[in-house]
Amino acid sequence: MKSTTNISVRALVEFLLKEGDINVSKDTLADTKAMQMGAKLHRKIQKSMGTNYSSEVSFKHTTVVEYNGEEYEILVEGRADGVIEKGEFGDSHKVIDAHRKSYAMDKEGELICTDKVIIDEIKCVMGDVSLIEKPYMVHLAQAKCYAYCYCKENEYSKEDEIAVRITYCQMKTEQMKYFHEIFTFGQLIEFYDGLMSEYVKWVDFQVKWQRLRNKSAKELEFPFEYRKGQKQLAQDVYRTIIREKLLYIEAPTGVGKTISTTFPAIKAMGEELLSKVFYLTARTTNGMAAINAIDLMCAKGLACKSITLTAKDKMCILDKPDCNPRACERAKGHFDRVNDAVFDLINNETKITRQVILDYAAKHNVCPFEFGLDVSIWCDVIVGDYNYAFDPNVYLRRFFQNDKKNDYLYLVDEAHNLVQRARSMYSASLIKEELLQLNSYVKTYDKKLSSHINACNKIMLSLKRQSDDMHVINSEEIMSLVFRLMEVVSHMDKLLSSNIQVDNAQEARNIYFNIRNFINTYDGISDDYTVYTDYTTTGDFVLNLCCMNPARLLKEYLSKGKSAVFFSATLLPIDYYKEQLAGSSEDYAVYAQSTFSLDNRLIMVANDVSTKYTRRNEKEYIKIAAYIEEFVNAKQGNYLVFFPSYKYMEDVAKHLNAYEDVLVYQKNNMTEEEREEFLSGFEEQNDRLHIGMAVMGGVFSEGIDLIGNRLIGTVIVGCGLPMVCNERELFKTYYDDNGRNGFDYAYLYDGMNKVQQSVGRVIRTATDVGAILMLDERLLTDAYIRLFPREWYPYKVVNRTTMGKCLKEFYDKFV
């Protein structure tokens with residue numbers, strides 16, 4: 001039985017024939033706004049071409065190719081922009097000729113008329129079309145593929161000829177330039193057969209690998225004995241995939257949520273329900289859990305290719321990424337070498353780590369970051385940051401470019417983090433002072449560009465004069481600014497794609513990308529946004545497009561896949577997270593029962609202390625220090641104390657001088673090495689006190705595993721409420737106005753999530769024993785108690801007098 005593979009004409013030629021350098025200065029148009037402009041201009045050009053011009057003509061052709069003893073059917077399909085069957089331009093010749101001053105023709109400045117059929121391929125570009133000396137290889141190749149299909153369908157002989165035309169159109173001026181070539185059908189047969197001969201090796205690899213993967217996945221057994229509730233959780237995930245729904249899982253620490261979500265995903269892949277699994281995380285370290293789960297299954301016989309994608313700045317061979325051939329030897333000629341590098345790697349590796357990517361990239365002299373993205377196409381499980389799936393600026397266009405729904409599953413780890421991350425992804429800001437900075441970089445190269453920047457600055461100055469503080473405005477008030485910014489972007493496109501060496505080019509490019517992001521964000525603005533002006537901490541004037549509810553935009557990206565599973569140990573209240581993360585009444589939510597013995601943990605909440613601003617004084621700091629002192633003295637070992645801020649940590653630490661030798665502190669903006677050093681002090685065999693002082697919501701409050709005696713107790717100081725600020729108050733107002741409890745949405749849920757994460761550091765495995773102390777009487781009010789997860793019950797209410805007795809009774813059980 002022949003295996004059939006489908007691929008579009010464009011994907012085929014771009015994959016096999018893309019050539020040349022990586023050059024971010026030339027690649028400035030890869031955004032949705034530009035694509036929409038290009039599609040609109042496409043249609044305008046097609047309509048102007050007269051009655052003999054047929055638009056969007058569909059072609060498809062199946063080729064049977066033999067390779068390594070197997071036969072493959074390769075179905076190639078696509079739509080030609082235009083077919084001119086009568087060999088003349090009809091009325092369009094007059095239309096175009098009437099605008100001869102605005103249009104460039106072919107090299108001679110004339111339209112070519114021919115008695116042959118013409119296949120037209122239209123490409124809309126931002127650069128000056130007069131500078132294009134010959135058609136790009138992939139554009140010509142597309143037209144040749146359509147010409148081949150036309151000849152095949154119309155039974156041409158090898159000697160018969162057909163013409164192809166590449167039409168370039170400048171997106172702003174609509175200036176056009178044509179390139180024509182005539183081919184015999186015999187030449188096109190040779191060209192097309194060459195494409196098939198090259199592509200079939202990739203088809204052979206993919207078919208045979210998927211066959212092996214699917215067989216191994218079908219035979220795979222769960223790698224452990226199921227814990228209580230774990231089998232049900234795996235079944236819930238599988239059922240969600242089959243029904244193409246969203247699933248939200250509140251899964252306490254130790255439930256085994258990673259293996260319980262990845263295992264059913266792999267089983268579904270074996271049944272050909274899925275083609276890819278995206279395991280998405282907020283932190284690189286969180287992705288290791290997924291890789292470890294895949295490793296466990298591979299040890300049981302699974303054949304699976306996994307890849308971990310890493311941020312560009314951590315993959316780049318330069319000290320600072322500069323993606324152009326003048327600055328980077330890997331960028332020069334990257335596309336000439338990258339396919340060989342990809343084929344080499346995928347045929348020799350299954351667990352594709354950052355180091356594996358770096359090694360093969362060095363071997364083939366290609367950019368490791370772009371290389372890793374290309375490799376991911378051939379992988380089964382892709383592990384990476386949320387932004388690879390959901391961020392409009394950096395999402396993986398290789399997978400999500402079209403509106404087509406794909407057989408993808410999103411496994412979203414630590415999903416509580418996605419709410420704030422998504423709000424940030426879909427928000428944008430414009431800083432007045434950056435416009436002035438950009439003008440200083442470019443004014444000597446383009447006077448018109450400088451004029452447009454000055455016009456934008458004038459509008460920003462007018463907005464600034466409206467208020468000395470935060471000020472909410474209507475989105476329509478900045479429409480004129482956005483139009484001016486579009487002019488800036490248009491001129492910047494030309495400047496950056498030229499050979500002019502702009503001063504501070506990287507800084508100018510960063511501001512340009514920020515402006516473009518602002519325009520794109522404004523283009524999609526709706527009633528789930530608030531537009532306001534404010535001032536940064538350094539006094540710069542900023543215009544903000546703030547996404548208040550990311551659900552609508554997240555849903556757009558989620559719709560490109562089949563299903564999604566959001567899971568976290570702190571996804572309460574679940575209805576709030578369903579609302580923010582694009583859930584509907586038809587989607588599912590489950591609470592995974594904790595498998596840990598309640599006897600192994602003690603949870604205490606103090607009722608006589610608070611971190612309220614009105615009670616931040618020496619008396620309260622002394623009381624909190626006394627609580628900490630008594631808590632850690634009850635048993636020698638490793639402890640973490642979480643504070644609401646660095647300042648609060650310092651104020652309490654002043655009263656713990658007797659413990660100075662055993663205290664270690666989290667610092668702001670710690671490096672990876674500093675974080676590792678901080679955690680290394682929590683040793684399994686420790687017969688003395690070791691106390692880590694950290695901040696709630698920071699790098700040590702989630703995503704770390706201090707198992708066994710590496711952590712025996714945690715103190716949480718405060719209830720995690722974010723600081724009051726203008727943006728938080730806008731969230732509060734927005735949700736109050738939309739029938740919700742604004743305080744809960746803006747402050748309470750976020751704060752309580754930090755508390756839950758901090759509590760979760762203690763009990764990590766079924767054999768762990770630990771004590772938890774929460775210090776804020778507000779946690780005993782109804783608003784907070786209703787957010788307590790089930791596994792916190794029963795808890796003990798204590799004060800300075802009773803806490804010691806509770807601790808003694810708890811530890812005596814293990815003597």
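What volume does the largest cavity have? The largest cavity has a volume of about 110 Å³. A cavity here is a set of points, on a 1 Å grid over the protein atoms alone, where a 1.4 Å probe fits but cannot get out. Grid points are joined across faces, edges and corners, and a volume is the space filled by probe spheres set on the points.

Before going on, two remarks on the source. This is a predicted model, in which local features need pLDDT of at least 70, side-chain atom pairs count only at pLDDT 80 or more, and totals for chains, interfaces and linings use all residues. Residues are numbered from 1 along each chain as its sequence is written, and side-chain values use heavy atoms, with hydrogens and water left out.

Back to the cavities. The structure holds three of 30 Å³ or more. Lining residues have an atom within 4 Å of a point. Among those that line the largest cavity are Cys-316, Cys-323, Cys-328 and Cys-367. By class, this lining has nine nonpolar, no polar and three charged residues. Ala, Val, Leu, Ile, Met, Phe, Trp, Tyr, Cys and Pro count as nonpolar, Asp, Glu, Lys and Arg as charged, and the others, Gly among them, as polar.

The second largest cavity holds about 50 Å³ of space. Helix α12 (residues 368-376) gives the largest share of its lining, four residues. Helices (H or I, at least four residues) and strands (E, at least two) are DSSP runs, numbered from the N terminus. The lining of the second largest cavity has seven nonpolar, three polar and no charged residues.

Now a pocket, which is an open set of points with protein on both sides within 12 Å along at least five of seven lines. The second largest pocket has a volume of about 1,100 Å³, and 44 residues line it. Nearest its centre lie Gly-720, Pro-722, Arg-728, Asp-750 and Lys-754. Which helix gives the most to this lining? That is α26, with seven residues.

Next, how α26 sits against α25. The axes of α25 (residues 726-737) and α26 (residues 742-759) come within 5 Å and cross at roughly 130°. Axes are lines fitted to C-alpha atoms, for helices over the stretch in contact, and angles run from 0 to 180 degrees between N-to-C directions. The two helices are therefore oblique to each other; angles under 35 degrees count as roughly parallel, over 145 as roughly antiparallel, 65 to 115 as roughly perpendicular and the rest as oblique. In the contact (heavy atoms within 4.5 Å), residues of α25 including Arg-728 and Tyr-735 meet residues of α26 including Phe-743 and Asp-750.

On to charges. There are 38 salt bridges in the structure, each a side-chain nitrogen of Lys or Arg within 4 Å of a carboxyl oxygen of Asp or Glu. One of them joins Lys-116 and Glu-161, at 3.1 Å from N to O. Lys-116 is in the loop between α3 (91-98) and β4 (118-125) and Glu-161 is in strand β5 (residues 161-170), so the pair ties together parts 45 residues apart in sequence.

Last, some backbone details. Most residues other than glycine have a negative phi, and most peptide bonds are trans. Glu-414 is not a glycine, yet has a positive phi of about 45°. The bond from Leu-572 to Pro-573 is cis, with omega near -5°.
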